[in-house]
Amino acid sequence: MAAPTFTATPGTRDLLNPTTSRMRELVETFADEATKAGFGQIVPPMFEDLDVFVRLGESTDVVSKELYAFTDAGERRLALRPEFTASVCRAYVQHRPTTPWKAWYAGPAFRQEKAQRGRYRQFDQVGAEVIGSHDPDLDTELIALAWRFYARLGLSQVRLVINTLGDKADRPPFLDALTAHFTAAGDALSAESRATLEKNPLRVLDSKREQDAEIIATAPALADFLSDEAAAAFDRVQAGLRLLDVPFVVEPKLVRGLDYYTRTTFEFVSDALQSAQNAVGGGGRYDGLVADLGGPADPGVGFALGVDRTLLACDDEGVFGASDAELDAFVVDTTGEFAALRLVDTIRRAGLRADRAYDGRSMKAQMKAANRSGASVAVIVGPDEAAADELVVRPLRSDAEQRRVATSDLVPALRGLLD
Ligand code: HAM
C-alpha cells in the first residue's frame with residue numbers, strides 16, 4: 001500500500017521563499033521603527049494558561065469559538081495564543097519592569113477561524129505595547145509608528161479609523177441606552193444580533209448584517225456619554241495626529257473584536273485588499289487588562305499588525321516586492337576535483353553570495369543552472385584553468401567581457417564586476 005500523503009491542515013500554509021524573505025524584511029523594518037522609538041523586543045511563549053486568554057472577553061469570538069485550547073499531560077488547561085497583548089500584560093505582572101514599559105513583538109498567533117484569503121488559523125503579527133502610562137500622546141505615538149511603518153513599505157492605500165470607547169465607568173449608562181435602543185427594535189434586529197445583545201450590546205454595533213444596518217445607524221453614540229477626562233484625551237490624540245500629518249477618520253461605530261479596550265481604539269484598513277478581510281492592523285488602550293490579570297491598576301496601549309494581510313496589501317498595491325539577484329556568483333566546475341567546493345567557500349567567506357552545481361553535471365547543464373540561478377557572475381573552472389591555477393569570470397547580467405584571472409585574484413575580480 002502506498003504511504004499516505006499529507007498537506008498542510010486547513011487555515012495553515014507553508015511559507016516558502018520569496019514570501020519568507022519578504023516576511024523577514026518586513027519584520028526587520030518593523031523592528032527598526034520600534035527600536036528607534038525606544039521599544040525592546042519581547043518573545044512570550046506561544047501557549048499560556050487558558051485563563052490568561054479568557055481575559056480577552058468570554059463574549060468575544062476569539063475566546064468563545066476560536067481558541068485552540070488543550071489539556072497537557074500535567075492536566076494543565078492551556079491555549080495557543082490568539083494574540084500577544086494578554087501575554088505581554090501577563091509578563092508585565094510577572095516581571096514588573098520599570099514604566100512606561102515599551103515592548104515590541106513578532107510571531108505567529110492562532111485562531112480557529114473559517115479560512116479564506118487573508119484569514120488563516122495560523123497567522124503572523126508584529127506589534128507594540130506600552131504599559132504604565134495614561135498619556136494620550138502615547139496613543140498618538142503608537143498610531144504614528146504603525147502609520148510610518150506602512151509608508152516605509154510603500155503602502156499608500158491604508159486608511160486609519162479611530163474611535164474612543166471611553167472609560168469603564170462611562171459604559172453602564174451607554175450600554176443601558178444601547179440595550180434599550182436595540183430591544184425596542186424587537187424582531188427587526190437579526191436573530192444573531194439579538195443573541196449578541198444578551199451577552200454584549202456593544203458588539204451588536206459590529207454586526208455586518210444588512211438587516212441591522214439602519215438600527216445600528218440610529219443607535220446612541222458613546223461620544224454623548226464620555227467623561228470629561230476621556231473626551232479630553234480623545235481630543236488630544238486627534239490634535240496630535242493632525243500635528244504629525246497622520247490622516248484619520250473618526251468612526252463612532254468602530255468596535256474592536258476584543259473586550260479589553262477602553263478610550264482610544266483604532267484600525268488600519270487597506271482599500272487595495274480585494275477581500276472582505278481588509279483590516280491590516282488595529283489596537284487601542286486597555287486600561288483594565290493588567291489588573292484583570294492580577295496586576296496593579298496600570299494602563300496599557302498598543303497595536304498589532306497582520307503580517308500576512310499586510311503582504312497581501314503590498315501585492316495588491318504592487319509594492320515591497322521580493323528583492324532579486326539573490327546570488328553574486330555561481331561556480332561552474334568541470335575538473336571533477338574539489339574546485340567548486342573550495343571556491344564557493346572562498347567567495348562566501350569574503351562576504352559574497354555563492355552557489356554551485358552538484359552531481360558532476362556537464363558544462364552545458366551547469367551553465368544552464370548558473371543562468372537560472374539569477375547570479376550576476378559565473379565563475380568557470382575546467383581542467384585547463386585548474387592546471388594554470390586560473391579561472392574565468394563571466395558576467396551573466398551585463399554585456400561586460402569575460403576575463404581569465406588568477407585563482408588568488410578571484411575575490412577582487414568579482415568585486416570589480418559586481419560594482
Ligand atoms: P486584532 O484586530 O484581533 O487585534 O488583530 C490585529 C491584526 O491581525 C488584524 O488587523 C489582522 O490584520 C490580523 N489578523 C487577525 N486575525 C487574523 C487571521 N485569522 N488571519 C490573518 N490575519 C489576522 C489584536 O490582535 C490585538 N492584540 C491588537 C492590540 C494590541 N490591541 C492592543 N494592543
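This note goes through the domains, the ligand site and the aromatic rings of the structure in turn.

1. The model is a predicted one, in which local features need pLDDT of at least 70 and side-chain atom pairs count only at pLDDT 80 or more, while totals for chains, interfaces and linings use all residues. Residues are numbered from 1 along each chain as its sequence is written, and side-chain values use heavy atoms, with hydrogens and water left out.

2. The protein is divided into domain 1 (19-156 + 248-317) and domain 2 (329-418), with bounds that come from an automatic or database domain assignment. The C-alpha centres of domain 1 and domain 2 lie 47 Å apart.

3. Around the ligand there are 27 residues, of which the closest are Glu83, Glu113, Tyr120, Glu129 and Tyr261; a residue counts here if one of its heavy atoms lies within 4 Å of the ligand. A polar side-chain atom of Glu83 is 2.5 Å from a nitrogen atom of the ligand, and for Tyr261 the corresponding distance to a nitrogen atom of the ligand is 2.6 Å. Of the 650 Å² of accessible area that the ligand has on its own, the protein covers 95%, as computed by the Shrake-Rupley method with a 1.4 Å probe.

4. Which residues form one aromatic cluster? They are Phe30, Trp104, Phe149, Tyr150, Phe266, Phe268 and Phe303. Both Phe149 and Tyr150 are buried, each at 1% relative accessible area, where buried means under 20% (1.4 Å probe, protein chains only).

Methods
Buried < 20%, exposed > 50% of the residue type's maximum accessible area, 1.4 Å probe, protein only. Phe/Tyr/Trp six-rings, centres within 6.5 Å; stacked < 30°, edge-to-face > 60°. Polar contact = N/O pair within 3.5 Å; in protein donor to acceptor, adjacent residues only side chain to side chain.
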